[in-house]
Amino acid sequence: MADPLVAYSWQMSQWQDLQRLIDSNRLPHALLLAGPDLIGKLRFAKALAGYLLCESPNKLAACGQCRSCHFQIDANHPDYREICPEEGKRQIGIDQVRSLQSFSAQHAHRDNGRKLVVIHPAEAMNVFTANALLKTLEEPNTGTVLILVSHTSSQLLPTIRSRCVQLRFGVPDATLAQTWLRDYVGDAELAKTLLLAAGGRPLAARQIFDDNGLATRDGYDAGLMAMLNRQKTPLQLVDDLFDQDILQLLDWWCSRLMDLSRHQLAAKPLQAKSWQAFEKLSPKLVMQTLQRGLELRSGFSRGVALNKRLILESLFLDWSALCQSRAASEAS
Ligand SMILES: [Zn+2]
């Protein structure tokens, strides 16, 4: 059988916080794991679920030997449910959530055992689905523990948030993240570059590596520079990039803007040297553009119906206008 899942090295303080609650019998029946995406919250949720179902866990993980551990939580554990959007869908269906009521009403397969539900991402529930979940949250069934995973917890219904004990996850400690990624990519410098490109999020950095994303991002930069140098109009740039994955584009856009902002405000070196062309733009406007990019990214990742073409057009038209007005003020 496979080894039990363990939390990532950068999640030990959250793990210890929970351990204290478990040891003192104060584990809440609903937990909300909140923080940016692609830092490993889901893995933490599954490691915790396996741990809580295990018959003889040690301090850090499930034992991997007991009857419960022999059922893999990712496969067929009878006391475990995972709710996420079905394939091809962005939202969690109301029937998926309703099915939890009968699940939590049943007894666990082990005497006095727990039942575990992981819902991810929690923001993929609309108002109706969230209200259906509230029913389950409001009638806590002894032994059922709900773990909600959320990348944008501010967008959850306040009534959902208030019923959960929140556990915050930030961008991990850089050294731990670099060590982990270095073991995967086999090179310390590359690991550093990838993490910078991913805003410090280790799983995002691994994804960039797997997708050869550094080269793709260089290509986006080249397009942007062509627009700046008037070899391309903003609308031509949109045509060029239209087939690209919007989340990948917005990831690139936001991480470059974040980098530019750090460069302007804290004199940090730029990852993409070509972005030096933008260093004299107003830091305030750069921040505003970044804020907008982050909001759009969050909208797309939650499955909000947004017009990709219109959004890309307005992003690049506005950026181009910003650069031109700066150039004009320099010339005068
Ligand atoms: Zn076990």
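1. Two strands are said to pair if DSSP finds at least two bridges between them. Strands (E, at least two residues) and helices (H or I, at least four) are DSSP runs, numbered from the N terminus. The model is predicted: local features need pLDDT of at least 70 and side-chain atom pairs count only at pLDDT 80 or more, while totals for chains, interfaces and linings use all residues. Residues are numbered from 1 along each chain as its sequence is written.

2. An open sheet is formed by five strands with parallel pairing, in the order β2-β3-β4-β1-β5. Its edge strands, β2 (80–83) and β5 (165–168), each pair on one side only. From one strand to the next, the twist averages 20° (axes are lines fitted to C-alpha atoms, for helices over the stretch in contact; angles run from 0 to 180 degrees between N-to-C directions).

3. β4 pairs in the parallel sense with β1 over five bridges, and L32 stands opposite L148 in β4. β3 and β4 likewise pair in the parallel sense over five bridges; the partner of V118 in β4 is I147.

4. Strand β1 (residues 30–34) is also paired with β5, in the parallel sense, over four bridges. Here the bridge partner of L32 in β5 is Q166.

5. Seven of the seven residues of β4 are buried, so this strand is largely enclosed by the rest of the structure (buried: 20 or more other C-beta atoms within 10 Å of the residue's own, with C-beta atoms placed from the backbone). T144, L146, L148 and S150 point one way, and V145, I147 and V149 the other.

Technical notes
Buried ≥ 20, exposed ≤ 12 C-beta atoms within 10 Å, placed from the backbone.
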